[in-house]
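Morning, everyone. Please put the model up on the screen, and I'll walk you through it.

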Amino acid sequence: MTKYTDQGKKDTRSGFGAGMTELGRTNPNVVALCADLVGSLKLETFIEENPERFFQVGIAEANMIGIAAGLTVGGKIPFTSTFANFSTGRVYDQIRQSVAYSDKNVKICASHAGLTLGEDGATHQILEDIGLMKMLPGMTVINPCDFNQTKAATIAIAEHEGPVYLRFGRPKVANFTPADQKFEIGKALMLNEGTDVTIIATGHLVWESLLAAEALESQGISAEVVNIHTIKPLDDEAILASVKKTGCVVTAEEHNYLGGLGESVARVLASHLPAPQEFVATKDTFGESGTPDQLMEKYGLNNKAIQEAVLKVLKRK
Amino acid sequence: MMPNSKELQDLVIQVRRDILRMVHKVNSGHPGGSLGCTEFFVALYNEIMDLKEGFDMDGHGEDVFFLSNGHISPVFYSVLARRGYFPVDELNTFRLINSRLQGHPTTHEGLPGVRIASGSLGQGMSVAIGAALTKKLNGDDHLVYSLHGDGELQEGQNWEAIMYAAGKKVDNLIATIDRNGQQIDGSTEDVMPLGDVAEKFKVFGWDVMEIENGNNLDQVIAGLNEAKSRTGKGKPVCVVMTTEMGNGVDFMMHTHAWHGKAPSDEQLATALDQNPETLGDY
């Protein structure tokens, strides 16, 4: 089993920017839109190299989503970009009608998702976006875990026909997946094999899960870590195979436990293989201002919280 | 066809009959705005737009149209069917289960001629702008047309789009506003005053023109031809078209009452008498 190590901290939004740079060079149909957050979304290189394929819409997200839907008519592949809060909740009906129901090939790329946006506080820290997006028929929902995976995901979704929600974040976090990885939409990744408990994690919580597994190992607990980057369509098979082996599961995500990855996993298990599950997620609450580390500690979204959840779920086996 | 030819006038009457019969059959739908925009649709699809045979979603090398106020689907469906996009008989399935002719237009069931779902109001202008931008990127000098209800302008997204189209010089777009002055709850000026729509588009930077009587086929054709001639000059073109909701049926005019109400059997008979069959009912 590969041992994953931090190759140096990087932000996932820069992974998006790097992916867009590559797409700008390789796929002439890719176009980008942004609602006054070019720097935050790391689009500078794409814009510099492809000025005619970039559309600055100003602070007008509803219009951005509609324009993106229209750009597909004639074969363009639009990538919209702004913060996750303004990519989803603010424009839900535009996405629902003009993109999802209209079967448009729009990629909704959302940065600064979750608590780790930090000091800006709850107005900007959306913890409901995975739920909102996964409920839309036909929408693919992806939440990569580090710079390399976000870059690979950005490139991969251009080849996928249909609407995609791509969720990533602001802070610099461990970059541990291989730079040359092949990103397969809907395919879970086995990061650490184990026999006592399955930890299913997405986004920033994946690295924390690996740290937790390492700590648990020293306590004699063998934790399997499965990275779900694609929350929809969910890799039911990989989840069932792992839980069949371990008999219990902890899900970990930077999102409300209502509507998130955990609920999707619970649905799969309830239908096929009922098993004890603990949820590392926010518990139906808004966030607040603070540093990312402080917030992840306060809301129970880190290595320590995952270890505690594992100990709890093991008692329920 | 020549402008104002008998065929076009006959088509206008036949489309009105289609609209009335479609909404009557399922006792639901929106006849008022549909009847008011009949001349516009007939002109657009049979005289104004440069269209290819058949339908492909991308619309390369042809003009494309987006209906933003999707509730006037009856007139859209009738004109599409009679232009040959799908069998006229299919109008029988309007709003029925398993139909491609949903209450509001959608691409989801694969109905030829429809390129976007609409119904939730205020989204069509943004979509039309996107399609216009793609035409520019593709070096396709065809135009993008869109239609919007006047009441629909109360949705804020329109003003984001109006600002964008002018600010970014989307000059291959002709957006027509159906200024019938009515919406579900009453007159637009009572419900939420729109004021001088043409002036508002002007101050946002659009090239604005008006069609005084959008129920006069000659005027509609002349107006839209004039609009075409104004494209490609650095500004999006807005046509403020005054129409009469319910036009062609005397008891449906001068009121908002028929915005979303179907006629009874007796009312249908009266309305059809006022629009005698021309090209043949579906």
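Start with chain A. The C-alpha centres of domain 1 of chain A and domain 2 of chain A lie 25 Å apart. Domain 1 covers 10-173 and domain 2 covers 189-312; such bounds come from an automatic or database domain assignment. Where they touch, domain 1 of chain A gives 27 residues and domain 2 of chain A gives 31 residues. Two residues are in contact if their C-beta atoms, placed from the backbone, lie within 7 Å.

On the domain 1 side, the elements giving two or more residues are helix 6 (129-134), strand 6 (140-142) and helix 7 (147-159) of chain A. Helices are DSSP runs of H or I, at least four residues, and strands are runs of E, at least two, both numbered from the N terminus.

A word on the ground rules. This is a predicted model, where local features need pLDDT of at least 70, side-chain atom pairs count only at pLDDT 80 or more, and totals for chains, interfaces and linings use all residues. Residues are numbered from 1 along each chain as its sequence is written, while chains are lettered from A and ligands numbered from 1 in the order in which they are written.

How confident is the predictor? The complex gets an ipTM of 0.97 and a pTM of 0.97. Chain B averages a pLDDT of 97, with 99% of its residues at 70 or above. pLDDT is the predictor's confidence in each residue, from 0 to 100.

Back to chain A as a whole. Chain A has twelve helices and 14 strands. Its C-alpha trace spans about 55 × 35 × 35 Å along the principal axes. Of its 317 residues, 62% count as buried. Buried means 20 or more other C-beta atoms within 10 Å of a residue's own, exposed means 12 or fewer, and partly exposed is in between, with C-beta atoms placed from the backbone.

Now the inside. Which residues have the most contacts in the largest nonpolar core? They are A:Ile199 and B:Ile129, in a core of 177 residues. A nonpolar core is a set of buried Ala, Val, Leu, Ile, Met, Phe, Trp, Tyr and Cys residues joined through C-beta atoms within 7 Å. Both domains of chain A supply at least three residues each to this core. Leaving out residues up to four places away in sequence, A:Ile199 touches several others, including A:Ala212, A:Val250 and A:Ile306.

Next, the meeting of the chains. The contact takes 29 residues from chain B and 23 residues from chain A. Helix 5 of chain B gives the most to the chain B side, with ten residues. By class, that side has twelve nonpolar, 13 polar and four charged residues.

Last, some backbone details. Most residues other than glycine have a negative phi, and most peptide bonds are trans. The bond from A:Lys232 to A:Pro233 is cis, with omega near 0°. A:Pro233 sits in the loop between strand 12 (230-232) and helix 9 (236-246) of chain A. A:Lys42 has a positive phi, near 60°. Is A:Lys42 buried or exposed? A:Lys42 counts as buried, because 22 C-beta neighbours lie inside 10 Å.

Notes: Ala, Val, Leu, Ile, Met, Phe, Trp, Tyr, Cys and Pro count as nonpolar, Asp, Glu, Lys and Arg as charged, and the others, Gly among them, as polar.
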